[in-house]
Amino acid sequence: EEERSTVMEAVTRIKKELLEADIRVHVDTRDYQPGFKYNDWEMRGVPVRLELGPRDVQNNAVMAARRDIPGKEGKRSLSQDGLVASLRSLLDEIQANLLQQATAFRDSNIHDVKSYDELKQVIEAGSFARGWWNESAADEARIKEETGASHRCYPLAQPGESGVSFLTGEPAQKLAIFAKAY
């Protein structure tokens, strides 16, 4: 009980510091096993989980677990002195890493198609199909009926030239991305 009160004093102090620095904080005092709580917060998308125990208080440290790097590789000890600056830097690093991972995933899953058969294969594989498109509601309905995919977006970076529609073979003015919505 004495250790708990010491830890909770440090938690309260750290929470106050972080809130004053406009960093959102939630102290999880639920009486559950740590693994359950860790998983619960990861499923909610919390980027950093801070852990504080009696030894951490004694060492003037706090353990930070990153959501984007699972396991021991994603954990590091941070000093309680200057925690706001360390945490801001860590959050920026996590944001950059998550963006890099998402961009790499997106780019590796977009495939250029030149025919309707290619589009079907790409969609069947669970990827995104990018091809020249004429914006026909009837053609889009046909694609959705036959493949389950629909027009998701027009990339902002259009090549500035025209191409040939993967569906009709007619001249087309815009590149479009098709995919299944889940």
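These legends accompany close-up views of a predicted model.

**View 1. Confidence along the chain.**
The model is predicted, and its mean pLDDT over the chain is 93. A score of at least 70 is reached by 100% of the residues. Helix α2 (residues 34-43) has the lowest confidence, with a mean of 91. Helix α5 has the highest, at 96.

**View 2. Helix α1 and its buried face.**
The 19 residues of α1 should span 27 Å at 1.5 Å a residue. The end C-alpha atoms lie 28 Å apart, which agrees with that expectation. V7, A10, V11, I14 and L18 are the buried residues of α1. They fall within an arc of 105° seen down the helix axis, so they line one face of α1. Their packing partners are β1, α3 (54-58) and α4. E2, E9, T12, K16 and E20 sit on the other side of α1 and are exposed.

Most residues other than glycine have a negative phi. D22 counts as exposed because its relative accessibility is 74%, and the cut-off for exposed is over 50%.

**View 3. The sheet β1-β2-β3.**
Three strands form an open sheet in the order β1-β2-β3, and their pairing is antiparallel. β1 and β3 are the edge strands, each pairing on one side only. Neighbouring strands are turned by 30° against each other on average, direction ignored. β2 and β3 are joined by five bridges. Within this sheet, A64 stands opposite R76 of β3.

N59 is found in the loop between α3 and β2. Its relative accessibility is 54%, so N59 counts as exposed. Where does F128 lie relative to N59 in C-alpha distance? The C-alpha atoms of N59 and F128 are separated by 50 Å, and the two residues are 69 apart along the chain.

**View 4. Helix α4 and what covers it.**
Helix α4 covers residues 83-109, which makes 27 residues. From its first C-alpha to its last, α4 reaches 38 Å. That is close to the 39 Å expected at 1.5 Å a residue. Its buried residues are L83, V84, L87, L90, I94, N97 and N109. Their cover includes helix α1 (2-20) and the strands β1 (48-51), β2 (61-66) and β3 (75-79). It also includes β4 (110-112) and β5. α4 lies across β4 and β5, and runs at about 30° to β4.

**View 5. The sheet β4-β5-β9-β6.**
This open sheet has four strands in the order β4-β5-β9-β6, with mixed pairing. Its edge strands are β4 and β6, each of which pairs on one side only. From one strand to the next, the twist averages 40°. β6 and β9 pair in the antiparallel sense over four bridges.

The loop between β5 and α6 holds E135. Phi of E135 is near 60°, again a positive value in a residue other than glycine. Is E135 buried, exposed or partly exposed? With a relative accessible area of 49%, E135 is partly exposed.

Helix α6 runs from residue 137 to residue 147, and its buried residues are D139, I143 and T147. They cover an arc of only 40° around the axis, which puts them on the same side of α6. A137, A138 and E145 are on the other side and are exposed. The buried residues pack against helix α5 (116-124) and the strands β5 (128-133), β6 (149-153) and β9 (174-180). α6 lies across β5, β6 and β9, running at about 125° to β6. Just after α6 comes G148, with a positive phi of about 85°.

Note on methods:
Residues numbered from 1 in each chain as written. Predicted model: local features only at pLDDT ≥ 70, side-chain atom pairs only at ≥ 80, totals over all residues. Heavy atoms only, no water. Buried < 20%, exposed > 50% of the residue type's maximum accessible area, 1.4 Å probe, protein only. Helix = DSSP H or I, 4+ residues; strand = E, 2+ residues; numbered from the N terminus. Arc of directions from axis to C-beta. Contact = heavy atoms within 4.5 Å. Expected span 1.5 Å × (residues − 1). Pairing = 2+ DSSP bridges. Axes fitted to C-alpha atoms, helices over the stretch in contact; angles between N-to-C directions. pLDDT = per-residue confidence, 0-100.
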